[in-house]
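Good morning. Please look at the structure while I talk.

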Amino acid sequence: MTEVNTPPRTAQRAPDEAPARPGRWTSIVTARPRLTLLLALVLTALAVLAGSGVADLLGSGGWEDPAAESTYATKALEREFPSSQPNLLLLVDAGRASVDDPAVAAEARDLAGRLAREKGVTGVGSYWQSRSPALRAEDGHEALIAARITGGDNATGRTLDRIAPRYRGAHGPVRVRIGGIVAVRHEMQTIIKQDLTRAETIALPITLVLLVMVFGSAIAALLPLGIGIVAIVGTSAVLRGLTAFTDVSVFALNLTTALGLGLAIDYALFIVRRYREELSTGAAPLTAVGTTLRTAGRTVLFSALTVAVSLAAMMVFPQYFLRSFAYAGIAVVLLAAAAALILLPAALVLLGHRVNSLDLRRLFRRRRDRKPAEAAAWARAAGLVMRRAPLFALGTTVLLVTLGLPFLGVKFGTADDRQLPATAESHVVQQHIREGFPGSPGGGLEVLAEGRATAAQYAAYKQRIAALPEAVRVDGPLVEGDAAYFTVQPRGEAVDEPAQHLASDIRALKAPFGTKVTGTAAVLVDTKHAIAKRLPWAAAIIAVVTLLLVFLLTGSVLIPVQAVILNALSLTAMFGAVVWVFQDGHLSGPLGFTGSGSIETTLPVLMFCVAFGLSMDYGVFLLSRIKEEYDRTGDHDAAVRHGLQRTGGLITAAAVILAVVMVAIGTSRVTDTKMLGLGIALAVLMDAMVVRSLLVPAIMRLTGRATWWAPAPLRRFHARFGLGEGDGHRR
């Protein structure tokens with residue numbers, strides 16, 4: 001494990017050197033450190049109470065655009081024709097008997113009648129009532145009872161919990177299993193909560209061990225964990241408050257844990273390491289805290305702003321699944337930064353030199369002073385990279401581009417039951433339907449017709465739909481007042497390309513009445529359109545704000561452009577691995593998931609925003625130290641070597657710890673969560689070990705002193721408004 005070294009204590013402060021006066025912020029946060037920590041403890045306890053049970057209030061959907069045509073049609077059909085939108089399916093298994101056996105039919109009709117009388121259930125229908133071939137398995141041993149549970153995610157979940165035990169299991173000659181969209185989402189929500197608890201159980205002790213290995217001191221190692229717990233607990237309370245005003249996805253809890261621990265550890269590592277450096281020069285604890293906040297504290301603030309902006313870009317999308325990650329991400333980033341800049345300095349003032357206490361590494365080595373020459377190793381690595389800069393720049397770029405090539409074959413889809421473990425009941429039901437039933441009950445397209453029309457007009461419109469090349473069967477219309485609906489069965493799977501083309505073709509047909517198309521394929525078409533329409537805005541927000549913040553930090557025009565390009569390049573391996581593993585199904589056995597042949601449409605957007613922000617986190621750490629040294633000496637090459645020497649071990653340690661947290665999240669049994677955790681873990685490691693260690697110093701060597709160029713007006717702007725780490729001035 002990489003170790004963050006404290007400089008030798010021989011570098012003492014000169015006797016005649018006056019200690020720097022604490023800055024205003026230092027004076028504020030360290031004036032009453034015990035009171036500050038006590039208030040933090042009280043607020044954290046209140047946040048625990050406020051955030052308790054938040055998972056039960058979160059939704060498991062949110063992938064649809066609420067303003068889309070398919071969303072409007074779905075709500076209208078739910079209102080006018082409840083039986084057209086079943087979200088609950090009872091798979092009735094007759095064993096070796098036929099579903100047409102009199103005893104089986106009688107029991108099934110009784111089950112359907114009881115279900116129709118349940119509160120909160122409407123639109124009950126069954127094979128035994130309609131004799132629809134789509135509701136009967138091709139082998140004749142299984143058939144379906146379909147219904148709709150009314151209400152939102154939480155209401156439908158409560159209704160399902162109430163009624164499911166009454167129907168699940170053996171009933172005379174039949175056995176019943178529960179499926180449908182509502183069952184899939186409810187089971188997904190339950191599994192996510194269980195997996196999150198397991199992930200925290202895995203991540204916390206491993207993280208503590210790694211922090212002890214990094215810091216040596218058990219006292220120093222506990223500080224980042226404390227900051228992380230404050231951020232996680234505080235964000236849970238924020239999410240609980242947000243549920244009173246808007247929908248929030250249960251998936252956001254995973255991001256809360258991952259970023260809460262990861263960023264808190266990053267920020268605490270950077271601040272504690274700098275504090276220990278200052279102590280080693282002979283500075284008093286209060287003076288060391290002041291210097292740390294003026295240098296590392298500014299870097300942490302910049303880092304938090306860049307990560308928050310990357311996450312805030314998801315607010316431009318209409319899907320509450322993405323917006324939820326923005327809510328959770330912004331809250332946890334700001335809380336982690338606030339805790340690192342307020343609570344951590346207070347704790348460091350109280351601890352003083354005791355921050356180095358309880359060096360547990362002595363238990364595993366004979367002599368305390370036998371340390372690997374990490375600083376020298378990073379200096380040699382930086383020298384090698386800069387001497388062979390063209391080779392390393394070209395080689396790493398080719399490697400990253402090659403790893404990203406599989407993403408060129410990405411296929412976007414929707415989240416369905418295959419997100420769940422193969423043994424999950426709702427997954428088993430949907431798999432039986434896919435493999436054993438003609439078509440896909442509830443998986444076709446629905447066409448809502450609004451406005452007065454004659455039977456002849458409906459018939460002519462139906463014929464036009466049936467004439468489309470991707471339409472297999474058209475049923476209907478079912479008329480209710482001035483509204484009617486048709487059901488259309490597409491060729492192939494419900495979300496395949498033919499089904500998407502069919503949805504677009506139906507929308508293009510002219511009719512003497514208003515029409516709206518919904519169904520799984522139509523929802524996917526609308527979702528992809530909503531993402532594509534707003535993606536340039538999100539990318540522009542991230543790029544422009546990142547360029548501005550990095551310019552304010554460095555005063556250079558070239559470095560911000562380099563930062564954006566290299567950050568994006570660092571994500572190629574993640575996107576390539578996502579397609580190769582999760583879409584194409586490689587490693588599905590060892591990783592324990594069922595491949596669906598596609599990637600959920602919103603997930604790459606989420607992964608980009610999170611991973612880009614974390615990459616900027618490490619980029620800011622490295623650039624700030626290079627800038628500090630360049631301002632002090634004016635030697636570009638020496639500044640790059642010094643920056644990598646000082647931060648290489650720190651960034652590597654932070655990346656490994658964050659990767660551990662993300663891998664713990666990636667042990668989830670829900671495929672999207674597994675993809676998120678493992679994908680971002682890979683992105684973080686590639687960024688720290690390839691981009692920051694090899695590509696950045698190589699590129700900066702090639703650009704030379706031109707790296708720091710800016711036109712005169714921008715130099716004056718930076719001189720007035722820029723913020724950088726360190727107080728040194730170029731000689």
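This is a predicted model: local features need pLDDT of at least 70, side-chain atom pairs count only at pLDDT 80 or more; totals for chains, interfaces and linings use all residues.

Which residues of α15 are buried? They are Y458, Y461 and I465. Looking down the axis of α15, you find these buried residues within an arc of 65 degrees, so they line one face of the helix. What do they pack against? The partners are β7 (445-450), β8 (471-480), β9 (483-490), α16 (497-508) and β10 (514-519).

Now a check on the length of α15, which covers residues 455-466.

In general, the strands of a sheet pair through backbone hydrogen bonds, in a parallel or an antiparallel way. Here we have an open sheet of five strands, with antiparallel pairing, in the order β2-β3-β1-β5-β4. Which strands stand at the edges? They are β2 (121-126) and β4 (169-171); each has a single partner strand, so one side of each is left without a neighbour in the sheet. On average, neighbouring strands of this sheet are turned by 25 degrees against each other, direction ignored.

Take one pair from it. Strand β1, residues 88-93, and strand β3, residues 142-149, are joined over six bridges in the antiparallel sense. Within this pairing, L88 stands opposite A147 in β3.

Two helices pack on the sheet. Helix α4, residues 102-116, touches β1, β2, β3, β4 and β5 (174-179), and its direction makes about 165 degrees with that of β2. Helix α6, residues 153-167, also touches β1, β2, β3, β4 and β5; its direction makes about 145 degrees with that of β3.

I178 is found in strand β5. Is I178 buried or exposed? Its relative accessible area is 3%, and buried means under 20%, so I178 is buried.

What is I178 in contact with, leaving aside neighbours within four places in sequence? The list includes L88, L89 and L90, then L160, Y167 and R168. A183, E425, S426 and V429 are in contact with I178 as well. For a distance, take R96, which is 82 residues from I178 along the chain: the C-alpha atoms of the two are separated by 20 Å.

That is the end of my part.

Key. Residues are numbered from 1 along each chain as its sequence is written. Side-chain values use heavy atoms; hydrogens and water are left out. Two strands pair if DSSP finds at least two bridges between them. Helices (H or I, at least four residues) and strands (E, at least two) are DSSP runs, numbered from the N terminus. Axes are lines fitted to C-alpha atoms, for helices over the stretch in contact, and angles run from 0 to 180 degrees between N-to-C directions. Contact means heavy atoms within 4.5 Å. The expected span of a helix is 1.5 Å times one less than its number of residues. Buried means under 20% relative accessible area, exposed over 50%, partly exposed in between (1.4 Å probe, protein chains only). The arc is that of the directions from the helix axis to the C-beta atoms.
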